[in-house]
Amino acid sequence: MLMIKKLFTQPNIYTISALLYLTVGDLVSGIKILTLASHGIYLVMSLYYIYAVLTKCRLTIFMKVLTALFAAFMFYGLIFLIVGTDSSWIVQNVSPVWNLKLYFNSFAPLYAFYYFGSKKMIDEKWFRVIGVVFLFAIFFQYSSFSDRAMLRYDRDLGEFTNNAGYYWLSILPIVVFYKNKPAISFVLLAYISVMIIMCMKRGPVIIGGLLDIYLIINLLKSSKSRFWISAISIFVLLFVGNFFMDFLASNNYAAVRMEETMEGNSSSRNIIYSFYLDYFLHKTDVFNFLVGNGACATGRIMGSAAHNDWLEIAICMGLIGVLFYLYYWITNFKTIKHAIKYSGNKTIIMVLTAIILTNFMKTLFTMSINDMMLCSNAMLGYCLSKVYGDDCSQNNESIICQ
């Protein structure tokens, strides 16, 4: 009975339901009862934890800004749903309901894990266990993407990009929770890095490489066994680097993509960026320049998302939206500064910094704010609860926590 009680905790029930809905939905799509149950549990629990954080937890400046940004996206989405628009958004395979779900699923889990951390329902040991579940879920997502792509493009594995690259990137900071077992931590880092490379998404490969360097350096600094950690880290870097070079040498598709990247080919992103920047600066009236053209406006204007948070928000929410989004990121980096200054927990500092830096870099390559992953949200929510919860009560910087 005690074992069953430990398994059926609020964090476990929520996490499994969220994974079944957000990550491995294809696995249970044929089981209607399980699909409806996981969706329903996830939705009800998410709404409860949003309410609980806003009414029962200390509202930090970060959570206030996050909530305001969340509300802004939902407000624009509701206008899109109520007022409606022409059918041009179909080009993007976007609907008003889908748009609302996208932003809800991106933001809601953060509140749940912030609540769990604040109430001490989860800890670092919990992440070391659930990390295994996350890895299996992401591997399933990777395999699912691969199978669908092979059927769609009629190509062999390794001849197309796999969107699961961003899922692997989202879980990379989990290695920090295993830092007391350096062999596990570095083997896991090498494995995730290899999977990111195999997905051949240039954004995750670039960000993942930078993140690897950050994690290895800081794992080395935090370790008492510097010699062995140095030896392992050098081996991991050589292994991943050698794998990358061999992968390019044996995979023509990957080699061509790398060559195109070096030549400045960005899969037409430069054209998209230039178009939307020009549209925002020169082809909008004063009203639309300030408050935007509404949710999913890029689909109506060009038939393609901006693939950049800043430009997408500029077109959809205007200058006011861009400035607010800038303030959101200033708050993110202030949170890192606050953690470094007041938190003695190196694990929390490293995970928090890794996730925030990753999310920020993603804003330049893709649509990040409406695609925050469950794995990174779980770690970020927990870290925020520790930085602004336990640590705030032990210092005089209470103003940032009010």
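## A guided look at a helix pair, a pocket and a cavity

Visitor: Which residues lie nearest the centre of the second largest pocket?
Guide: Welcome! Keep in mind that this is a predicted model. In it, the second largest pocket is lined by 15 residues. Those that lie nearest its centre are Lys-6, Leu-7, Asn-12, Trp-126 and Val-129.

Visitor: What volume does the second largest pocket have?
Guide: Its lining draws on several helices, with α1 (2-7), α2 (10-22) and α7 (124-153) each supplying at least two residues. The volume of the second largest pocket is about 450 Å³.

Visitor: Which helix supplies the largest share of the lining of the second largest pocket?
Guide: By class, that lining divides into 10 nonpolar, two polar and three charged residues. The largest share is five residues. They come from α7.

Visitor: Is the crossing of α5 and α6 left-handed or right-handed?
Guide: Look at where the helices meet: α5 brings residues including Phe-70, Phe-73 and Gly-77, while Tyr-103, Phe-104 and Phe-107 are among those from α6. The crossing of the two helices is left-handed.

Visitor: How many charged residues does the contact of α5 with α6 have?
Guide: Met-63 and Leu-66 in α5 take part, among others, as do Leu-110 and Tyr-114 in α6. Sorted by class, the contact has 18 nonpolar and three polar residues. The count of charged residues is none: no charged residues.

Visitor: Which element gives the most to the lining of the second largest cavity?
Guide: Among the lining residues are Tyr-166, Leu-169, Ile-355 and Lys-362. Two elements give two or more residues each, α8 (165-171) and α17 (346-365). With four residues, the element that gives the most is α17.

Visitor: How many residues in the lining of the second largest cavity are charged?
Guide: Pro-173, Asn-359 and Ser-376 also belong to this lining. The residues divide into four nonpolar and four polar, and the number that are charged is one.

Technical notes. Residues are numbered from 1 along each chain as its sequence is written. This is a predicted model: local features need pLDDT of at least 70, side-chain atom pairs count only at pLDDT 80 or more; totals for chains, interfaces and linings use all residues. Side-chain values use heavy atoms; hydrogens and water are left out. A crossing is left-handed if the near helix is turned anticlockwise from the far one by less than a right angle, and right-handed if clockwise. Contact means heavy atoms within 4.5 Å. Ala, Val, Leu, Ile, Met, Phe, Trp, Tyr, Cys and Pro count as nonpolar, Asp, Glu, Lys and Arg as charged, and the others, Gly among them, as polar. On a 1 Å grid over the protein atoms alone, a cavity is a set of points where a 1.4 Å probe fits but cannot get out, and a pocket is an open set with protein on both sides within 12 Å along at least five of seven lines; lining residues have an atom within 4 Å of a point. Grid points are joined across faces, edges and corners, and a volume is the space filled by probe spheres set on the points.
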